Amino acid sequence: MTAPERLADAPARTFTQRGARWLVGIGIVSLVATLLLSVLSKSSEPEESTADANAFSYSAIGHRAFVALLASMDLEVTVSRHRSLEKASATRPLFLLEPRSGYDENRIAEMIAKAAANQTPVVIALPKWHAVEYSTDKTWAERIGILGTESVEAAIMQILAAVYGEDDGMGTLDIDRNRRPTGPVVVSGQATRWVIATEETQLLIPGDALEPVITVPTDDGERVLVGRFPDTRIYLLSDPDLLNTMGIGKVDHAEIAVALVLDVLHAEGVVVDEVSHGFERASTLWQELFAFPLVLFTLHLIGLLGFSLWASMTRFGKPEARPPRVPSGKQTLLDNTATL
């Protein structure tokens, strides 16, 4: 007669030795693949495509081409969506490319003021274009329009107030769209052979609020393409066509942009701020663990926990009833009598 099954043997048979090896092997391989995927595919880009003037945009007024150009030069480029100024340093300038009007202007002003006080290099590109019509999927600007001068001048006043504070010592600074370049640009006092595109050029009229760094000759004297606020490392770029997708490939714009980064700023890396365009996202541990691709790692941990609980269970389902101590029926009486 077969011995009754003991419940204490159940945990040892939850997984056979061979099955356990397979489960461990598959778990290790898939976990390593998940971690590699998390590292290789990590992205800080927004979930939705954008066609406006920002570093995520491939459209004509976007700055994706500028980021790609710097990356091709083996410069470390960080497109920041949180605490951008903290990521910048003396050799990693912060780029505020056409900060969006109306988006938390107090915070942007505070960041510029803090950078001016800390001597952190910052390049601020004045706004110029806006998307008038978008494609169906919102990834391209079908039609763009040039901003009115009052919008650009309002941005200038906000920048001046952030650098100098709300007082009378801000100096004067105006834009000029009526003058066309008549010769090559001058970088840090050195004449070059580089020229900029002449259509709808947006330049600054030199004033006591700005020290010229990159200038352009016109029929009415020099105009400023890039200037620096005195006693600071805050630079103002008058025309974003030097950096945006539709402008960076024109004439010598790319060479001038590279000269700005390497020869003027002496940068070893660049931080491009996207908080000013409304893409702020503070990365927290819980957000990362439940967002792709780290959510795969989280699922692995949940699966391992489930297998561990399964393996530690003493039984599965309802236990079988034990046989009676004394079987019923005549056969039991006969067997007992024969034994006696």
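These questions and answers walk through a predicted model of one protein.

User: How many helices and strands does the protein have?
Analyst: Start with the overall make-up. Buried residues account for 39% of the 340 residues in this predicted model. The secondary structure comes to 9 helices and 13 strands.

User: What share of the contacts with a separation of 6 or more joins residues 24 or more positions apart?
Analyst: Contact here means heavy atoms within 4.5 Å. Among contacts in the protein with a separation of 6 or more, residues 24 or more positions apart account for 67%.

User: How many salt bridges are there by the distance rule?
Analyst: Side chains of opposite charge can pair when their charged atoms come close. The cut-off is 4 Å between a side-chain nitrogen of Lys or Arg and a carboxyl oxygen of Asp or Glu. By that rule the count is 12 salt bridges.

User: R107 and E280 meet in a salt bridge; how many residues apart are they?
Analyst: The N to O distance between the side chains of R107 and E280 is 2.6 Å. R107 sits in helix 4 (residues 105-118), while E280 sits in the loop between strand 13 (269-273) and helix 7 (285-289). The pair links distant parts of the chain, with a gap of 173 residues.

User: Which parts of the chain does the salt bridge of R179 and D219 tie together?
Analyst: The side chains of R179 and D219 meet at 3.7 Å, N to O. The two residues are 40 apart in sequence, so the pair ties together separate parts. Those parts are the loop between strand 6 (174-176) and strand 7 (186-187), holding R179, and the loop between strand 10 (211-218) and strand 11 (221-228), holding D219.

User: Is D219 buried or exposed?
Analyst: Exposed means over 50% relative accessible area. D219 has 60%, so D219 is exposed.

User: Which residues are linked with R179 and D219 in a network of salt bridges?
Analyst: R179 and D219 form a salt bridge with each other. They also belong to a network of salt bridges.

User: Which residues does D176 contact, leaving aside neighbours within four places in sequence?
Analyst: D176 is placed in strand 6. Its relative accessible area is 6%, under the 20% cut-off, so D176 is buried. A polar atom of its side chain lies 2.8 Å from the backbone nitrogen of N178. With neighbours within four places left aside, the contacts of D176 are T201, Q202, L203, I205 and R223.

User: What is the volume of the largest cavity?
Analyst: Rolling a probe the size of a water molecule over the atoms shows where empty space is left. A search of the whole structure finds 1 cavity of 30 Å³ or more. The volume of the largest cavity is about 90 Å³.

User: How many charged residues are in the lining of the largest cavity?
Analyst: The lining is made by I196, A197, E199, T201, L225, D239, D241, L242, K250 and H253. By class, it has 4 nonpolar and 2 polar residues. The charged residues number 4.

User: E199 and K250 line the cavity; how far apart are their side chains, N to O, in the salt bridge they form?
Analyst: E199 lies in the loop between strand 8 (190-191) and strand 9 (203-205), and K250 in the loop between strand 12 (234-237) and helix 6. The pair therefore ties together parts 51 residues apart in sequence. E199 is partly exposed at 38%, and K250 is partly exposed at 31%. Their N to O distance is 3.1 Å.

User: With which side chain does the side chain of S80 make a polar contact?
Analyst: S80 is found in strand 1 (residues 76-80). Its relative accessible area is 0%, so S80 is buried. At 3.0 Å, its side chain makes a polar contact with the side chain of K87.

Conventions:
Residues are numbered from 1 along each chain as its sequence is written. This is a predicted model: local features need pLDDT of at least 70, side-chain atom pairs count only at pLDDT 80 or more; totals for chains, interfaces and linings use all residues. Side-chain values use heavy atoms; hydrogens and water are left out. Helices (H or I, at least four residues) and strands (E, at least two) are DSSP runs, numbered from the N terminus. Buried means under 20% relative accessible area, exposed over 50%, partly exposed in between (1.4 Å probe, protein chains only). On a 1 Å grid over the protein atoms alone, a cavity is a set of points where a 1.4 Å probe fits but cannot get out, and a pocket is an open set with protein on both sides within 12 Å along at least five of seven lines; lining residues have an atom within 4 Å of a point. Grid points are joined across faces, edges and corners, and a volume is the space filled by probe spheres set on the points. Ala, Val, Leu, Ile, Met, Phe, Trp, Tyr, Cys and Pro count as nonpolar, Asp, Glu, Lys and Arg as charged, and the others, Gly among them, as polar. A polar contact is a pair of N or O atoms within 3.5 Å; within protein, one must be able to donate a hydrogen and the other to accept it, and residues adjacent in sequence count only if both atoms are side-chain atoms.
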